Amino acid sequence: MLKLYDYELSGNCFKVRLLLSILGVQYETEVVEFHPGREHKRPAFLRINPMGQLPVLQNGEKIIRDSQAILVYLASIFDPSRKWYPLDQPEVLGDIQVWLAFADSLTGSLSAARLHELFMYDFDADACRARAQTLLEVMDKHLWINRQQDFKFLCPLAHATIADIACFPYVAMADEAGLSLQDYPSVRLWLDEVRRIPGFTVMAGIFPAGKP
């Protein structure tokens, strides 16, 4: 059975749990206390992931590090429909890779500001929020253009992909980073669409469709 090294309040861990839930894949959890225990920086965990980062997925002898890499792995193996990571559509795969990189930028901005607000991490929260606002402006404009073509998600398809899963958590928790989404109406519509995907699950700070 798959094992997920997980921390409940991590947005990067949540995106993996979300895809596992949507795909209906069973797994077991190994809780790693990110805060305040910082177990992800201790020798026992560093033997699993020398980068000292969560999440990590283990499938037998195979260990996959990095949340975006895990999404690609799960969609490639456990989604026979090839909807979430369409290997037969290289143009779409290119789009997905762009948004996976974008998700990393969200981690470096929205997530960093959230860590400062929740756990007093020594980040320049104002600078992080400024970077996040630039990203949200790009995202909002892109989603608005997509909606004019009847596409509700990040890629030009009738359904979501792992691009949406990758970008969703830290945008959904922007208020915990001290940032309002009031000025990003297309982003807010997109968040609601993701929440309506069958199999959607929740965590602290992330609510089902129709909730704040």
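## An aromatic cluster

Phe14, Phe168, Trp190 and Phe200 make up one aromatic cluster. The model is predicted, so local features need pLDDT of at least 70, side-chain atom pairs count only at pLDDT 80 or more, and totals for chains, interfaces and linings use all residues. Residues are numbered from 1 along each chain as its sequence is written, and side-chain values use heavy atoms, with hydrogens and water left out.

## Aromatic pairs

How many aromatic pairs does a search of the whole structure find? It finds six. Rings of Phe, Tyr and Trp (its six-membered ring) pair if their centres lie within 6.5 Å. Planes under 30 degrees apart count as stacked, over 60 as edge-to-face, and the rest as tilted.

Take tyrosine 5 and phenylalanine 45. Their ring centres are 6.2 Å apart and their planes stand at 65 degrees, so this pair is edge-to-face. The pair links distant parts of the chain. Tyrosine 5 is in strand 1 (residues 2-6), phenylalanine 45 is in helix 2 (residues 43-46), and 40 residues separate them. Helices (H or I, at least four residues) and strands (E, at least two) are DSSP runs, numbered from the N terminus. Are tyrosine 5 and phenylalanine 45 buried or exposed? Both are buried. Buried means under 20% relative accessible area, exposed over 50%, and partly exposed in between (1.4 Å probe, protein chains only).

Phenylalanine 168 and tryptophan 190 also form an edge-to-face pair, with 6.2 Å centre to centre and 65 degrees between the planes. Phenylalanine 168 sits in helix 6 (residues 162-172) and tryptophan 190 in helix 7 (residues 185-195), so the pair ties together parts 22 residues apart in sequence. Phenylalanine 168 and tryptophan 190 are both buried.

## Where helix 6 meets helix 7

The axes of helix 6 and helix 7 come within 10 Å and cross at roughly 115 degrees. Axes are lines fitted to C-alpha atoms, for helices over the stretch in contact, and angles run from 0 to 180 degrees between N-to-C directions.

Helix 6 contributes Asp164, Cys167, Phe168, Val171 and Ala172 to the contact. Helix 7 brings Val187, Trp190, Leu191, Val194 and Arg195. Contact means heavy atoms within 4.5 Å.

## Glycine 52

Where is glycine 52? Its place is the loop between helix 2 and strand 3 (56-59). Glycine 52 has 2% relative accessibility, so it counts as buried.

Leaving aside neighbours within four places in sequence, glycine 52 is in contact with His40, Lys41, Phe45 and Leu46. Glycine 52 and glutamate 39 are 13 residues apart in sequence and 8.8 Å apart in space, C-alpha to C-alpha.
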